[in-house]
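I opened a new notebook page for this chain.

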Amino acid sequence: MGCAGEASRHLRDEEGNYSCRNSRLYKRVAMVCGMPEEKRAAPLEYDVLSVIWEKGEMTVAEVRSELARRGRILALTTVSTVLDRLYKKGLVGRKLQTARFSPRYVYFATVERSEYENSVVSATISSLLEKMTEPTISKLMELMAENEEDRELLSRYLEKLRQAQKERG
């Protein structure tokens, strides 16, 4: 299987739907194009946000521990800085909690993972289509044509587009 097939396979979730979760390409694309700069999550920010999406409300120390469990060893101050940046971007919220006589923030996601990922993918594809229509469509078709299920999916989507155009007149 070539690079295109690998990319296609890695963009599918457990149910076989296209997804960007855990994709290095997704993280890089989200960082460099598509979304407004103030909403982009850099790769480390995306990793931290992923932990919060998966685990729910967490303190800085809890996020750090979960990242360490996943093999990403970071200083507590680094995780705190990343969470503060995500807060300023509006991607996480925080509430002050008093524990053991000292205040601390508990962070939570303010945007659903699917909503965020869909907006990144939509903005990225729109940006690519705006600038490089033919190469973008060509590459997407190439990625999908390597797999029978992908070809069927593409056929269904094209048929839906044709039906929608007919209905509009």
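My entries on these topics follow.

**Entry 1, ground rules.** I am working with a predicted model, in which local features need pLDDT of at least 70, side-chain atom pairs count only at pLDDT 80 or more, and totals for chains, interfaces and linings use all residues. Residues are numbered from 1 along each chain as its sequence is written, and side-chain values use heavy atoms, with hydrogens and water left out.

I looked up the secondary structure and found eight helices and three strands. I take helices (H or I, at least four residues) and strands (E, at least two) as DSSP runs, numbered from the N terminus. Along the sequence the order is α-α-α-β-α-α-β-β-α-α-α.

The chain has 169 residues, and 32% of them are buried (under 20% relative accessible area, with exposed over 50% and partly exposed in between; 1.4 Å probe, protein chains only). For contacts (heavy atoms within 4.5 Å) between residues at least 6 apart in sequence, 49% join residues at least 24 apart.

Which residues touch the most other members of the largest nonpolar core? They are Val48, Val63, Leu83 and Tyr116, in a core of 23 residues. I use the term for buried Ala, Val, Leu, Ile, Met, Phe, Trp, Tyr and Cys residues joined through side-chain atoms within 4.5 Å. Helix 3 (43-55), helix 4 (60-69), helix 5 (76-88) and helix 6 each give two or more residues to this core; helix 3 has the largest share, seven residues. Setting aside neighbours within four places in sequence, I list Val48, Ile52, Val60, Val63, Val92 and Tyr107 as contacts of Leu83.

The axes of helix 6 (residues 113-131) and helix 7 (residues 133-145) come within 5 Å and cross at roughly 130 degrees. Helix 6 is therefore oblique to helix 7 (under 35 degrees is roughly parallel, over 145 roughly antiparallel, 65 to 115 roughly perpendicular, the rest oblique). Axes are lines fitted to C-alpha atoms over the stretch in contact, and angles run from 0 to 180 degrees between N-to-C directions. Leu128, Leu129 and Lys131 of helix 6 touch Thr133, Thr136 and Ile137 of helix 7.

Tyr46, Ser50, Trp53 and Glu54 of helix 3 meet Arg113, Tyr116 and Glu117 of helix 6.
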